[in-house]
Amino acid sequence: MTDPTTFPRVEDSGDSGDQEQRERQHAVNVLLAEAGGAGRVAAGWVRELAARQVEERHRRVLERAADAVERAAGREIIPAGEGQLDEELAYDLAASAVTGSPYAQALPELAMGERIALVAVCALAAAMPHTVLGALERKLPTLAATMDAAVKAGRAARGAASGVRFRSVMS
């Protein structure tokens, strides 16, 4: 688990000795650590999906998505920040990660449940930085818990598919 004391401090309202401010800062740091942990687990799962791909282009798309999930659920959540993703990060988190590279002849080798979970993980990661604009304490734990559930569902989907994979009609 990430040490919550390593996160940037939320801007003080003037009195740095205020106990309430320190408690709020600690609570925010714990939330950031939990979100970062959920992002690392989700990114690890996406990397597992990437490692299974025979097509190198699909592997690269999924690896970039994994890196983007980890970054968006971690260091992109900046208290007192703007909550915006840069264009490249937003692109790597787009739902099109589920279709892999546009230059490949077929879709990535994924069960349908894995595809659904992958879209959910990318969307949740993209939403996490926006929580700093308001209600971080309410929204971020929900997004992190939902991300954890999506990863569990994606892992379960692979086993439930019993080797059945969905391919493009072009394959």
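This is a predicted model: local features need pLDDT of at least 70, side-chain atom pairs count only at pLDDT 80 or more; totals for chains, interfaces and linings use all residues.
Local features are reported at pLDDT of at least 70 and side-chain atom pairs at pLDDT 80 or more, while totals for chains, interfaces and linings use all residues. Residues are numbered from 1 along each chain as its sequence is written, and side-chain values use heavy atoms, without hydrogens and water.

The core comes first. The largest nonpolar core contains 40 residues. A nonpolar core is here a set of buried Ala, Val, Leu, Ile, Met, Phe, Trp, Tyr and Cys residues joined through side-chain atoms within 4.5 Å. Buried means under 20% relative accessible area, exposed means over 50%, and partly exposed lies in between (1.4 Å probe, protein chains only). V69, L93, L118, V121, M128 and M147 touch the most other members. Two or more residues each come from α1 (19-51), α2 (56-72), α4 (112-127) and α5 (136-160). Helices are DSSP runs (H or I, at least four residues), and strands are likewise DSSP runs (E, at least two), numbered from the N terminus. Helix α1 gives the largest share, eleven residues. In soluble globular proteins, nonpolar side chains tend to be buried together.

V121 illustrates the packing. Leaving aside residues up to four places away in sequence, V121 touches A42, W45, V46, V69, M147, A150 and V151. Contact means heavy atoms within 4.5 Å.

Helix α2 has 17 residues, which should span 24 Å at 1.5 Å a residue. Its end C-alpha atoms are 24 Å apart, in agreement. The expected span is 1.5 Å times one less than the number of residues. The buried residues of α2 are H58, L62, A65, A66, A68, V69 and A72. Seen down the helix axis, they fall within an arc of 165 degrees, so they line one face of α2. The arc is that of the directions from the helix axis to the C-beta atoms. These buried residues pack against α1, α3 (87-92), α4 and α5.

Helix α5 was examined in the same terms. Its 25 residues should span 36 Å at 1.5 Å a residue, and the end C-alpha atoms are 35 Å apart, which agrees. The buried residues of α5 are L136, L140, L143, A144, M147, A150, V151, G154 and A157. Their cover includes α1, α2 and α4.

Charged pairs follow. Side chains of opposite charge can pair when their charged atoms come close. A search of the whole structure finds twelve salt bridges. A salt bridge is a side-chain nitrogen of Lys or Arg within 4 Å of a carboxyl oxygen of Asp or Glu. One of them joins E70 and R47, at 2.9 Å from N to O. E70 lies in helix α2 and R47 in helix α1, so the pair ties together parts that are 23 residues apart in sequence. E70 is partly exposed at 28% relative accessibility. R47 is partly exposed at 31%. A network of salt bridges links R47, D67 and E70.

A second salt bridge joins E114 and R52, at 2.8 Å from N to O. This pair links distant parts of the chain, 62 residues apart: E114 is in helix α4, and R52 is in the loop between α1 and α2. E114 is buried, with a relative accessible area of 1%. R52 is partly exposed at 23% relative accessibility.

E56 and R60 also form a salt bridge, their closest N and O atoms being 3.7 Å apart. The two residues are four apart in helix α2, a separation of about one helical turn. E56 is partly exposed at 35% relative accessible area, and R60 is partly exposed at 42%.

E48 lies in helix α1. Its relative accessibility of 42% counts as partly exposed. The C-alpha atoms of E48 and R59 are separated by 9.8 Å, with the residues eleven apart along the chain.

Most residues other than glycine have a negative phi, and most peptide bonds are trans. A80 is not a glycine, yet has a positive phi of about 70 degrees. A80 sits in the loop between α2 and α3 and is exposed at 61% relative accessibility. A135, also not a glycine, has a positive phi of about 65 degrees. A135 is in the loop between α4 and α5 and is partly exposed at 28% relative accessibility.
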